[in-house]
Amino acid sequence: MNETELEEIERDYVRWYPARIGSLGAEQAWSRPTMGLYAHVPYCAHRCHFCKYKVRVGDDLRDEMDDFLDAMEREIGTARGRPLVADRKLDVVFIGGGTPSLLEPRQLQRLLDLINDSFELTADCEFSMEWSPASLSAEKLAMFRAAGGNRLSIGVQSFNDDVLKEIGRDHTAAEAQEALRLAREAGFDNINLDLIYRLPGQTVEDVRESVRQALACGPAHVSLYPLWIREATVLWSRLQAGELELPSEAVEEEMFAAACEIFEEHGFEHYNVFDFVRRGTPRCRYTELQWEDGEWVGLGPSAVTYVDGRHTINSYSIGDYIKQANATGAATTAGAVLDVAARMRRTMMFGLRMDPFDTERFRRQYGVGVDSVFGPELAQLLDQGLIRRDGTLLRLTAAGVRRINNIGKLFYEAPEDRQSLGLSRRGLPIVEVDK
């Protein structure tokens with residue numbers, strides 16, 4: 001390798017890790033950056049009416065869960081031995097699903113031990129796990145905390161019992177509040193609550209009340225998602241049959257604006273298209289890892305890995321994942337090595353989810369201005385009122401939040417394959433916008 005080649009590699013490296021390189025000391029600068037880990041647990045007690053995720057539901061999944069953990073143990077061993085992963089510490093761990101808290105205590109302990117025994121975590125690692133109020137318990141919380149867990153994400157969705165029943169949730173508002181109480185008693189301060197708006201039968205005042213009740217529980221972080229109706233779900237079938245009415249687009253935007261106003265009044269900062277954090281408390285590092293070009297290893301069915309420009313996806317089939325991982329130690333079914341152009345598109349797809357997206361980050365990473373690469377796309381978004389621009393900062397409008405997934409397609413699909421924002425190629429409104 002000649003000196004010129006080495007300089008090119010070093011220049012690309014610094015562009016690829018600008019946020020982390022900038023804060024490293026002289027000794028740390030010679031080591032590889034830290035990375036993240038996502039572990040997907042694909043089991044739920046039942047399927048919510050809006051859910052189309054690849055999950056297995058049922059009352060007695062213990063035996064298959066044991067097989068799944070066998071497979072994940074094999075996959076972890078393979079992943080840990082890969083050259084691009086072997087010498088790196090984790091500063092973000094996220095156990096998601098599905099419903100990871102559905103695991104029995106012995107199974108949860110096994111998963112936590114697998115992660116801690118296989119990887120070295122930094123002293124300040126953000127270690128998160130998703131929980132359902134229906135399967136959260138003091139025993140599991142204590143187990144998670146003893147293993148280094150320091151952040152909870154609890155799926156509440158609404159504090160209106162009628163709305164919860166309408167969307168098929170298996171808990172009440174009171175049970176959600178009790179889950180928060182148990183979490184506090186277990187010593188957790190960094191707690192996120194998930195809420196959904198644009199739900200069937202929901203009003204603007206319902207959204208306001210859910211946000212108020214969520215904040216009264218004292219979370220450090222709240223994720224607020226619009227409802228997307230996906231094909232082959234209960235809500236989709238009811239919508240097609242004319243049995244379901246959703247809030248209009250205008251009402252949806254009013255819901256979002258009303259929620260933002262309450263968050264602002266209570267000292268919360270809107271830093272991501274879906275996320276609000278109490279000022280002075282940490283943002284979700286896992287979210288920023290994904291949206292700001294960080295690297296992570298994905299474990300479990302349908303999990304994505306993104307390391308060194310390599311983007312791979314595990315089998316979506318839970319049965320195939322278990323079979324393949326147990327047999328070979330890996331279950332990857334698709335992947336690609338991204339070139340610079342694809343990395344640029346990826347940066348825009350995910351970067352616009354941040355509030356704001358600083359275009360100077362794009363320039364630092366790639367050495368060119370964002371307008372010289374994506375000028376027409378940004379002009380289209382501005383013309384349609386989906387983003388607003390303040391110097392180097394780009395922010396989604398309320399209408400842009402609703403169409404965030406189609407905005408991502410604007411950057412990733414080839415021009416001839418693009419569909420207009422919010423409309424199908426036949427000119428009909430797109431109900432499903434999360435494919």
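Okay, let's start with two helices: helix 10, residues 249–265, and helix 16, residues 398–402, each give at least two residues to the lining of the second largest cavity. This is a predicted model, by the way, so please hear everything that follows as computed from it.

Who else is in that lining? The residues are Tyr197, Glu252, Glu253, Phe256, Ala398, Val401 and Arg402. Sorted by type, that's four nonpolar, three charged and no polar residues. The volume of this second largest cavity is about 30 Å³, and the count of cavities of 30 Å³ or more comes to two.

Let me step back to the whole chain. We have 435 residues, and 50% of them are buried. The secondary structure comes to 17 helices and 17 strands. If you take contacts between residues at least 6 apart in sequence, 67% of those join residues at least 24 apart. The accessible surface is about 19300 Å², with 49% of that belonging to carbon and sulfur atoms.

Now the inside. The largest nonpolar core has 112 residues, and the members touching the most others are Ile95, Leu152, Ile154, Phe263, Met348, Leu381 and Phe411. Which helix gives this core its largest share? That's helix 3, residues 62–81, with seven residues. There's also a second, separate core of 13 residues, and Cys51, Val163, Ile196 and Trp236 are among them.

One joins Gly97 to Gly98, with omega near 20°. Gly98 sits in the loop between strand 4, residues 90–97, and helix 4, residues 105–118. Another cis bond joins Asp355 and Pro356, with omega about 5°. Pro356 is in the loop that runs between helix 13 (340–351) and strand 15 (357–358).

Then positive phi. Gln157 isn't a glycine, yet its phi is about 75°. You'll find Gln157 in strand 6, residues 151–157. Is Gln157 buried or exposed? It counts as buried, because its relative accessibility is 8%, and the cut-off for buried is under 20%. Ser302 also has a positive phi, near 70°, and Ser302 lies in the loop between strand 11 (296–299) and strand 12 (304–307).

Last stop, Asp390, which is in strand 16, residues 387–390. Asp390 has a relative accessible area of 55%, so it's exposed, the cut-off there being over 50%. Between Asp390 and Asp358 there are 9.8 Å in space, C-alpha to C-alpha, while in sequence they're 32 residues apart.

That's my tour, thanks.

Conventions:
Residues numbered from 1 in each chain as written. Predicted model: local features only at pLDDT ≥ 70, side-chain atom pairs only at ≥ 80, totals over all residues. Heavy atoms only, no water. Core = buried A, V, L, I, M, F, W, Y, C linked by side-chain atoms within 4.5 Å. Buried < 20%, exposed > 50% of the residue type's maximum accessible area, 1.4 Å probe, protein only. Helix = DSSP H or I, 4+ residues; strand = E, 2+ residues; numbered from the N terminus. 1 Å grid on protein atoms, 1.4 Å probe; cavity = no way out; pocket = protein on both sides within 12 Å on 5 of 7 lines; lining within 4 Å. Points joined across faces, edges and corners; volume = space filled by probe spheres on them. Nonpolar A, V, L, I, M, F, W, Y, C, P; charged D, E, K, R; others polar. Contact = heavy atoms within 4.5 Å. Areas by Shrake-Rupley, 256 points an atom, 1.4 Å probe, with all protein chains shown as cover.
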